[in-house]
Amino acid sequence: MTTATGTTRATGAVGAAHTRLEGLAKVTGQARYAGEVPFAELAHGWIVVSTVARGRVRSVDDASVLKMPGVLSVLHHGNAPRLQEGFVGAFGPDPVAEILQRDRVPHIGWPVALVVAETSEQAREAAEALVVHYDTEAHDVSFSAEHPARYTPEASPVGPTVTEKGDLETQLAASDVVLDERYTTPEQHHNAMEPHAAMARWDNGRLEVVDSTQGTLATATDLATLFQLDPASVHVRSEHIGGGFGSKALARAHNVLAVMATTVIGRPVRVVLTRRQMFSLIGYRSPTAQRVRLGAGADGRLRAFDHDGVSLTSSLTEFVEASSAFGRALYDAEAHRTSNDVVPLDVPTPTFMRAPGEAPGSFALESAFDELAEKCGLDPIELRARNEPAVGPVTGLPFASHELLTCFREGARRFGWDSRDPRPGVRRDGRWLVGTGTAAATFPAGAAPSTSAVTAEADGTFTVRINAADVGTGARTALGQVAADGLGVPLERIRVRIGDSDLGQAWLSGGSMGTRSWAWAVMIAVDELRERLALGADIPPEGITVRSDSAEAIGALAEKERHSYGAQFAEVAVDTSTGEVRVRRMLGIFAAGTIVNPLTARSQFVGGMTWGLSMALHEEAIRDHASGALANGDLAGYHFAANADVPVIEADWVDDPDPDDPVGIKGIGEIGIVGAAAAIANAVWHATGVRHRDLPIRPDRVLGAATAPTGGSRA
């Protein structure tokens, strides 16, 4: 038997840069993703999607397809296993998961059949040969803030859809300076490097699913509910995930259909989405139409704040892109109002996408603040400083910490903001007009109850078991560092097991709450284990295991406004002869709690800022009103930032540990994209003197603005 020796806290693991624990396995191909794990007798499913935007399936001509080589089955609404009607999943009612249950087609790209065959190639050939007949109906995919079907939902994913205090119209009338402008953002799509994939099989009466999910327990629970199974009989694994961004958090076509197929044919079945199918089957960021009204005194202090956001939802189920929620805790005013409305259309249902609400909301509000600064004759940073709230503007709650101005001061120093000539359109570099811009960023810092188990092994190592998910962010490594620091041992002595629903309850990877929620549970277990080992406990061959549940500790947290913050800076060059906009440099300074691993954290921040650049200048899904389909629903037509578009991007942070968190973590997954597009748009105004209130800032819009009458602002 091995005797444990006392340990001391804080080895320096937290805060040190570490390469990923699984890095070698990934670069050598040893790491297996959901679409790669081998299974004996594996069959393959290929999804057939609707070619009409609204209507009903009249018939599926599967007789000839069933005779094709290798074809094992064709599932459709007439023969598919029955799912629970009125399904309520981990995030509420979810008709999107009720696949192949009825003949109704709610949008183009909706699954209408699954062809199962011996090989993926055979399944694809048969799926392409399958003929489906439809009775079509008139469809509506035209989004606008003036749509007659627009309504105000009862709630959004982040709380109430409308918040109000004070008399808005009175305060606007009393303001010395008033801004009233409209902003739009287009439909944008997730495109994780790893397509959504799932393998399902029955193993001794238990359903096993290997999935690319961001939350194995949530997926297992949803599948159990859908198929009316005992939750204990469903086992979901997701060891490695090649990106998620919110789209891999729910039960969707790939895993639901894989379970259906294995149930029917009695063999393991894998379903992998094509890149084009990812544009209709996994959700996306809704387009938004936003109106911002700001009223201020001559000194720039706000009297009126009104942010109105409109997004689309599907006719199938409701999803709210809560863009106006971004400013609820950021700026105060005597009268303060925010609202989020939706327009139901015959389109796929939107979903959570990195910084849902905050990404498009920050573009509108932070552009508006830049415009207000211009009207008031104030530096944009000074305007924000004059409107920093003392307490939550809507809630009245105290702030746990509020380091936004610290981020701005440090960012301004490093970016050289003080040397900026505030006049627009005066700085040239050859044929390029050059400008700089800035914007604020914030994102809620939340935590959800989780469970974990930490074992002191007889060989002197420690095993951490927690049902976390690593979507490529380095969560596995960060949790190892937290455990090593708490136990006072080198990281090399820590093993981390994640991504398995059998490991118990834990928050999924989402909402910038993953690492914070998981680390909290790990630290509770680590603290107890360290105390036991300090007493000189003998470690038996099976080890000593301590289990934890953070529900009580998180439930005891005092109500406060808890947020991460950031200041985004950008320099752009605009070629007025071609309309090309080039971002030359970006800097983001963040206050986001304890940074566990600077190496992977910086990667997350830079990745988010890069996405913000892509959002500002490139990304735009274009829906054809006649067919209801996307005109650019693939990576050939959907333009996003490539390496050549991305300049030197710097990301850093200020000290801002959360005193109420056992490690001081807040969360960094989303905040990197927040405000980045606004900083670039504000820089384009500074370069050219023309405001762009519609994203993306395409060359044709720049050229159109250059030929517009003087004083024009919308490209």
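1. The side chain of threonine 395 reaches the backbone nitrogen of leucine 397 at 3.1 Å, and with the side chain of glutamate 561 threonine 395 makes a polar contact at 2.6 Å. Here a polar contact is a pair of N or O atoms within 3.5 Å, where within protein one must be able to donate a hydrogen and the other to accept it, and where residues adjacent in sequence count only if both atoms are side-chain atoms.

2. This is a predicted model, in which local features need pLDDT of at least 70 and side-chain atom pairs count only at pLDDT 80 or more, while totals for chains, interfaces and linings use all residues. Residues are numbered from 1 along each chain as its sequence is written, and side-chain values use heavy atoms, with hydrogens and water left out.

3. Threonine 395 sits in the loop between helix 9 (380–386) and helix 10 (404–415); helices (H or I, at least four residues) and strands (E, at least two) are DSSP runs, numbered from the N terminus. Its C-alpha lies 8.2 Å from that of glutamate 561, although the two are 166 residues apart in sequence. Threonine 395 counts as partly exposed because its relative accessibility is 44%, on a scale where buried means under 20% relative accessible area, exposed over 50% and partly exposed in between (1.4 Å probe, protein chains only).

4. Helix 15 (residues 676–688) has 13 residues and spans 19 Å from its first C-alpha to its last, close to the 18 Å expected at 1.5 Å a residue, the expected span being 1.5 Å times one less than the number of residues. Since 12 of these 13 residues are buried, helix 15 is largely enclosed by the rest of the structure; among the buried ones are Trp685 and His686. The buried residues pack against helix 8 (358–376), strand 20 (432–444), strand 26 (563–575), strand 27 (581–591) and helix 14 (598–617), where contact means heavy atoms within 4.5 Å. Glycine 689, with a positive phi near 80°, follows helix 15.

5. There are two cavities of 30 Å³ or more, a cavity being a set of points on a 1 Å grid over the protein atoms alone where a 1.4 Å probe fits but cannot get out, with lining residues having an atom within 4 Å of a point.

Note on methods:
On a 1 Å grid over the protein atoms alone, a cavity is a set of points where a 1.4 Å probe fits but cannot get out, and a pocket is an open set with protein on both sides within 12 Å along at least five of seven lines; lining residues have an atom within 4 Å of a point. Grid points are joined across faces, edges and corners, and a volume is the space filled by probe spheres set on the points.
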